[in-house]
Amino acid sequence: MKAQRLAATFLTLASFAWAQRQVSYTTLDGVQLHADLYGQGPRGLALVHGGRFNKESWAKQALLFANAGFQVLAIDFRGYGQTKIGPHGELGSDGGRYLDVLAAARYLRERGANTVSVIGASMGGDAAAEAVAQAKPGEIDNLVLLGSSGNDQMQNIKTRTLFIVSRGDAGSDGPRLPKIREQFDKAPEPKELVVLDGSAHAQFIFETDQAHRLMREMLRFLSATQLHK
């Protein structure tokens, strides 16, 4: 099957790699965001980092997605990496982060993307879910939540959603899987929940033996979506 061939091919770097380009653009509330752009074409994909990371943390995965045919934008949230603290909050505040995700989606549309998907990890997943809830219909087509419950936004989601979490993932409030299952149940169809082995949280999964399966699941989900477009 085409989707299976894509997944198998792109789990290792292809014989070519898309050069990383640094770009910047402005949110609706006037924050200048910085991001790394990989690849080209009509299938846009925004990569949204967790609280301990920045845009560079997605470099390996961004190349894999670019080689799979996606135009990939890995962003620095306001207050992280190269993006200066914005008017809605300081580092660690969640104010305005959903606007950063919306700006990324709109930037990809302006660059010719016919479809836009967002992968949000942990904190980034919460912001991505809020962005989807606030977006205009059709503005964001697909959402992947990596180690995130979506921050109680799932009943407002207007897109196809994939939840991915490690079975033993736990934070200061305890295991994350029960809350993620609760929000999964609230999310409208179409939706999927994938539970991986281990206890790694969000982007830390890429450092474990579940990394290849994680990439396979995301490529499968996004490729299947594109095949139906």
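**Arg213**

I looked up Arg213 and found it partly exposed, with a relative accessible area of 27%. Here buried means under 20% relative accessible area, exposed over 50%, and partly exposed in between, with a 1.4 Å probe and protein chains only. This is a predicted model, in which local features need pLDDT of at least 70 and side-chain atom pairs count only at pLDDT 80 or more, while totals for chains, interfaces and linings use all residues. Residues are numbered from 1 along each chain as its sequence is written, and side-chain values use heavy atoms, with hydrogens and water left out.

Arg213 sits in helix 6 (residues 211-228). I take helices (H or I, at least four residues) and strands (E, at least two) as DSSP runs, numbered from the N terminus. Leaving aside its neighbours within four places in sequence, Arg213 is in contact (heavy atoms within 4.5 Å) with Val194, Val195 and Leu196.

**Whole chain**

I noted six helices and 10 strands in the protein chain. Of its 229 residues, 57% count as buried. Among contacts between residues at least 6 apart in sequence, 67% join residues at least 24 apart.

I traced an open sheet of eight strands in the order 1-2-4-3-5-6-7-10, with mixed pairing. Two strands pair if DSSP finds at least two bridges between them. Strand 1 (21-26) and strand 10 (191-196) are at the edges with a single partner strand each, so one side of each has no neighbour in the sheet. Neighbouring strands are turned by 20° against each other on average, direction ignored. Axes are lines fitted to C-alpha atoms, for helices over the stretch in contact, and angles run from 0 to 180 degrees between N-to-C directions.

I then looked at one pair: strand 6 (residues 142-146) and strand 7 (residues 160-166) run parallel and are joined by five bridges. Val144 stands opposite Leu162 in strand 7. Helix 4 (residues 123-134) packs on the sheet and touches strand 3, strand 5 and strand 6. The direction of helix 4 makes about 145° with that of strand 5.

**Helix 2**

I found helix 2 (residues 59-67) lying across strand 2 (32-38), strand 3 (43-48), strand 4 (71-75) and strand 5 (115-121), at about 55° to strand 2. Seven of its nine residues are buried, so helix 2 is largely enclosed by the rest of the structure. Among them are Leu63, Leu64 and Phe65. Just after helix 2, Gly69 takes a positive phi of about 105°.

**Pocket**

I looked up the largest pocket, which holds about 530 Å³ of space. A pocket is an open set of points on a 1 Å grid over the protein atoms alone, with protein on both sides within 12 Å along at least five of seven lines; lining residues have an atom within 4 Å of a point. Grid points are joined across faces, edges and corners, and a volume is the space filled by probe spheres set on the points. The lining has 23 residues, of which Ser122, Gly147, Gly171, Arg176 and His201 lie nearest the centre. Helix 4, strand 9 (174-175) and helix 5 (177-186) each supply at least two lining residues.

Notes. 1 Å grid on protein atoms, 1.4 Å probe; cavity = no way out; pocket = protein on both sides within 12 Å on 5 of 7 lines; lining within 4 Å.
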